[in-house]
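Hello,

Here is the structure I promised to pass on. Please look it over first, then read my notes below.

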Amino acid sequence: MDMITLHDASQREATFLSNIFIDEYMPEANGEFVKVYIYLLRILRNAPVSFSLEQMADQLLCTEGDILRALKYWSKAGLVALEEDASHKLCGISIIPLDVSVSKETAASSDSPAFDTQEKSAAAQSPKEEKTVSVIPLTPDRIKELKQNEEIIQLLYIAEQYLGKTLSPTEIQKLLFFYDELHFSADLIEYLIEYCVSHNHKSIRYIEKVALAWAEGGITTVSDAKDASSRYSKDYFTILKALGISGRNPVDTEISLMNTWLKSYGFSMDIIQEACSRTVLQTGQPSFQYADKILKGWKDKNVKNKNDIAVLDAEHKKRRLERSSKRQTVSPPNRFNNFQQRNYDFDEYEKRLLNK
């Protein structure tokens, strides 16, 4: 029998990427962040190794700031541990191994304190008294116990129908956390998923953000959640109308600005509408950035109502008139009067001419 010789033309060296990372972490991460993580796996294969952020940025064709943002993201996710020196500069990076027994919640609990940041929820919050909610992973025994609950079994089935896929272990743990730690009813969790999916968000991370925002806002029932979402939706479309926008939903950047006006600035709708009207009048088009500039100025000047705006308008008009009056009083010389004037005695001049 003739023998066939096999030749391996591929390189021997390879970088191992965990399926857990691909399934649970990569879908929700920014592409640049994924690139940084994979490159870390590559260069740390032969750890310990020294390198600079500048070298890494040059290799990945990005900035050092991009690298730092990626490292903070993966540190918060629990995939890397960051070390800093006495001057609070990054001096060490360690990759935390992923295996089947490590969930995102468990990994996040070992987050590096040096670069820990708290994300602000983008979801609408109820005006009720806020409370801080901590994400604490459930124990394996508690997860096993909850998964035997008929109500939970039905909830997980409904969640799979909404999300259009089989739930991953991480997604199941998140939903169980909402039920057991946030004390959301199965109906409220079902509405939570329905609400997020209806806004084109199927990521469990986004769903968690909304859940935490509801918990911090004191939302405990489906009725509370519907009231909060409908109230903010109505405000959004009122603002869009004031800017002359119709026939579409607000985009994320617009929602972020409107939330700032409504919640951070605390302005009433009539003040926001006034700013929108002035925006269209001044620019001839809808501009959220221009409206935000107006409202930020009013916020800095402690505007509380439309009477305060009227006072500011009157002061502005007064200053403008004073400047105009000053310019008219002190007029600069022009080419017609910027010379020495001469005085002539025309009678005397005539006598001289006649005597000649």
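Axes are lines fitted to C-alpha atoms, for helices over the stretch in contact, and angles run from 0 to 180 degrees between N-to-C directions. Helices (H or I, at least four residues) and strands (E, at least two) are DSSP runs, numbered from the N terminus. This is a predicted model: local features need pLDDT of at least 70, side-chain atom pairs count only at pLDDT 80 or more, and totals for chains, interfaces and linings use all residues. Residues are numbered from 1 along each chain as its sequence is written, and side-chain values use heavy atoms, with hydrogens and water left out.

**The chain overall**

The chain has 16 helices and 2 strands. Of its 356 residues, 35% are buried. Buried means under 20% relative accessible area, exposed over 50%, and partly exposed in between (1.4 Å probe, protein chains only). The accessible surface comes to about 23,600 Å². Carbon and sulfur atoms account for 51% of that surface. These areas come from the Shrake-Rupley method with a 1.4 Å probe; for residues, only the protein chains shown count as cover. Now contacts, meaning heavy atoms within 4.5 Å. Take those between residues at least 6 apart in sequence: 64% join residues at least 24 apart.

**Two helix pairs**

Two packed helices are described by the angle between their axes and the distance between the axes.

Start with α7 (residues 150-163) and α9 (residues 186-198). They pack at about 5 degrees, with axes 10 Å apart. The two are therefore roughly parallel. The classes are: under 35 degrees roughly parallel, over 145 roughly antiparallel, 65 to 115 roughly perpendicular, and the rest oblique. From α7 come Glu151, Leu155, Ile158, Ala159, Tyr162 and Leu163. They meet Ala186, Ile189, Glu190, Ile193, Glu194 and Val197 of α9. By class, this contact has 9 nonpolar, no polar and 3 charged residues. Here Ala, Val, Leu, Ile, Met, Phe, Trp, Tyr, Cys and Pro count as nonpolar, Asp, Glu, Lys and Arg as charged, and the others, Gly among them, as polar.

The second pair is α2 (residues 31-43) with α4. The angle is about 80 degrees and the axes are 9 Å apart. These helices are therefore roughly perpendicular. On the α2 side, the contact uses Phe33, Val34, Val36, Tyr37 and Leu40. On the α4 side, it uses Asp66, Ile67, Arg69, Ala70, Leu71, Tyr73 and Trp74.

**Covered helices**

Helix α8 (residues 169-180) has 12 residues and should span 16 Å at 1.5 Å a residue; its end C-alpha atoms are 16 Å apart, which agrees. The expected span is 1.5 Å times one less than the number of residues. Helix α8 is mostly covered, with 11 of its 12 residues buried. Charged side chains are on that list: Glu171, Lys174 and Asp180 are among the buried residues. Glu171 has a relative accessible area of 6%. Beyond its neighbours within four places in sequence, Glu171 contacts Lys165, Thr166 and Ile204.

**Single residues to check**

Leu163 of α7 is buried, with a relative accessible area of 9%. Leaving out residues up to four places away, Leu163 touches Ile193, Val197, Lys202 and Ile207. Leu163 and Ser203 are 40 residues apart in sequence and 8.8 Å apart in space, C-alpha to C-alpha.

Ala225 lies in α11 (residues 222-242). Ala225 is buried, at 1% relative accessible area. Outside four places in sequence, Ala225 contacts Leu188, Tyr191, Trp214 and Ile219. For Ala225 and Trp214, the C-alpha distance is 7.4 Å, at a separation of 11 residues.

Finally, two loop residues. Leu61 has a positive phi of about 60 degrees although it is not a glycine. Leu61 sits between α3 (53-60) and α4 (64-77), and is exposed, with a relative accessible area of 79%. Asn302, also not a glycine, has a positive phi near 60 degrees. Asn302 is in the loop between α14 (288-300) and α15 (306-329).

Best wishes
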